[in-house]
Amino acid sequence: MELWQQMVRDSVHTVDQLVEKFDIDRNVAESLNEFFQVRINPYYLSLIRYPGDPIWQQCVPDIKELHDYDANDDPLMEDAMSPVPNITHRYPDRALFLTTSQCGLYCRFCTRKRKVGDSEKISMKGLEAAFNYLEQHTEIRDVIMSGGDPLMLTDVMLEKILQRLRQIPHIEIIRLGTKMPCVLPQRITPKLVEMLKKYHPIYINTHFNHPWEVTPESSKACQMLADAGCPVGNQMVLMKGINDDPMVVRELMQKLLKMRVRPYYIYMADQTKGANHFRTTVEKGLEIIENLRGWTSGLAVPHFVIDAPGGGGKIPLLPNYVLHHDENKIILRNFEKKVFAYEQVKETEKLKRKTHKPKSPSRKVKKDKKPVANIREVVLPGIITSEN
Ligand SMILES: *Cc1c(COP(=O)(O)O)cnc(C)c1O
Ligand code: SF4
């Protein structure tokens, strides 16, 4: 057995341990463990500095989880968008591929609790149907292996899946969505990265939420992946009492860059059953982005998104930098709140250019047409959406 597998075995996972180590009432501990299984491996446990700290809150169950038992357990409607077991196909050219229900740690805020934990929640029998679906759907050029955590698979099993995916010509890139570099960095072994190298282009998206998760061990893991040629991105979930503070997030983003991890997304926490106590306001997220853009490396500024309830996908949000926008000019403010104007290309210049074009009969028809309403006027005040 490899070291990381032994560490998973040595996790805090029983009701007795919860009572003993975290002083949780036995009845409550039983209900919590039944609601969503506990797994705190010795590495992540060692990062806790004091009871209730940002590390503790992410992994130690809390009675608050039981208070919204009626909430939705699939707020993103992933199951409705699942054409075959183990596949969620929400976007035109990419698909999510669930390969295991296991994780190196069970995060109390997990949005996929219905799929994660006991091994029956994601069946390995479904893999064949999933491969067939990916083969038949030639529009899929990007497969995101997720779960659970695909790095809970053994190297042998993982390699079998990668080999199979690489036999499908239209799949251009493979992504691994894994929390292991953060929660169990011992999983990133020289043997694993040597294997991954053979199946490039492989992208990794990992999941750090707090600067205390950046340790010598996790830095080494991320750098090994980068050295193996895997671009590593980070997806952070914004959570009350954990990272809803611009200075904490800025520190995390900068530390990620130092270990060659590129911040990719910050998510609003999903409205998931048992995790609503982690949610904070959209304004807090906008304030965090406002405190990154311009103030630190652009590389440290991820997209801030809401994964729309009901399966709308990720929708980006930006602080409002546009004060006015018409066909002549756009008035903008910068990160220091100074105001600037950018002139649009003049109508007369546009006309001049047109006169160089050969005349076409259709232009005469246009003259009689009413001017088309300017779509830009419909841009909502307050928040605009855009690419970062
Ligand atoms: C997030 C997600 C993706 C990937 O989205 P990107 O914006 O390309 O990173 C794909 N499918 C599903 C269902 C997702 O939730
Ligand atoms: S690693 Fe991901 S899938 Fe697993 S419990 Fe944490 S958030 Fe959920």
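Q: How do the residues of the shell around ligand 2 divide into nonpolar, polar and charged?
A: The residues around ligand 2 (a heavy atom within 4 Å of it) are Cys 103, Leu 105, Tyr 106, Cys 107, Cys 110, Val 116, Gly 148 and Lys 179. Ala, Val, Leu, Ile, Met, Phe, Trp, Tyr, Cys and Pro count as nonpolar, Asp, Glu, Lys and Arg as charged, and the others, Gly among them, as polar. The shell therefore holds six nonpolar, one polar and one charged.

Q: What kind of model is this?
A: Residues are numbered from 1 along each chain as its sequence is written, while chains are lettered from A and ligands numbered from 1 in the order in which they are written. Side-chain values use heavy atoms, without hydrogens and water; local features need pLDDT of at least 70, side-chain atom pairs count only at pLDDT 80 or more, totals for chains, interfaces and linings use all residues, and the model is predicted.

Q: Which strand gives the most to the shell around ligand 1?
A: The shell includes Thr 88, Arg 90 and Tyr 91. Strand 1, strand 2 and strand 7 (261-268) each supply at least two residues. Three residues come from the top contributor, strand 1.

Q: How much of ligand 1 does the protein bury?
A: Polar side-chain atoms reach oxygen atoms of ligand 1: Arg 90 at 3.0 Å, Arg 94 at 2.6 Å and Lys 314 at 3.2 Å. Taken alone, ligand 1 exposes 390 Å² (Shrake-Rupley method, 1.4 Å probe). The protein buries 91%.

Q: Which side chain does Asp 74 join in a polar contact?
A: Asp 74 sits in the loop between helix 5 (54-59) and strand 1. At 11% relative accessibility, Asp 74 counts as buried. Not counting residues up to four places away in sequence, Asp 74 touches (heavy atoms within 4.5 Å) Asp 79 and Arg 114. At 3.2 Å, the side-chain partner is Arg 114.

Conventions. Polar contact = N/O pair within 3.5 Å; in protein donor to acceptor, adjacent residues only side chain to side chain. Helix = DSSP H or I, 4+ residues; strand = E, 2+ residues; numbered from the N terminus. Buried < 20%, exposed > 50% of the residue type's maximum accessible area, 1.4 Å probe, protein only.
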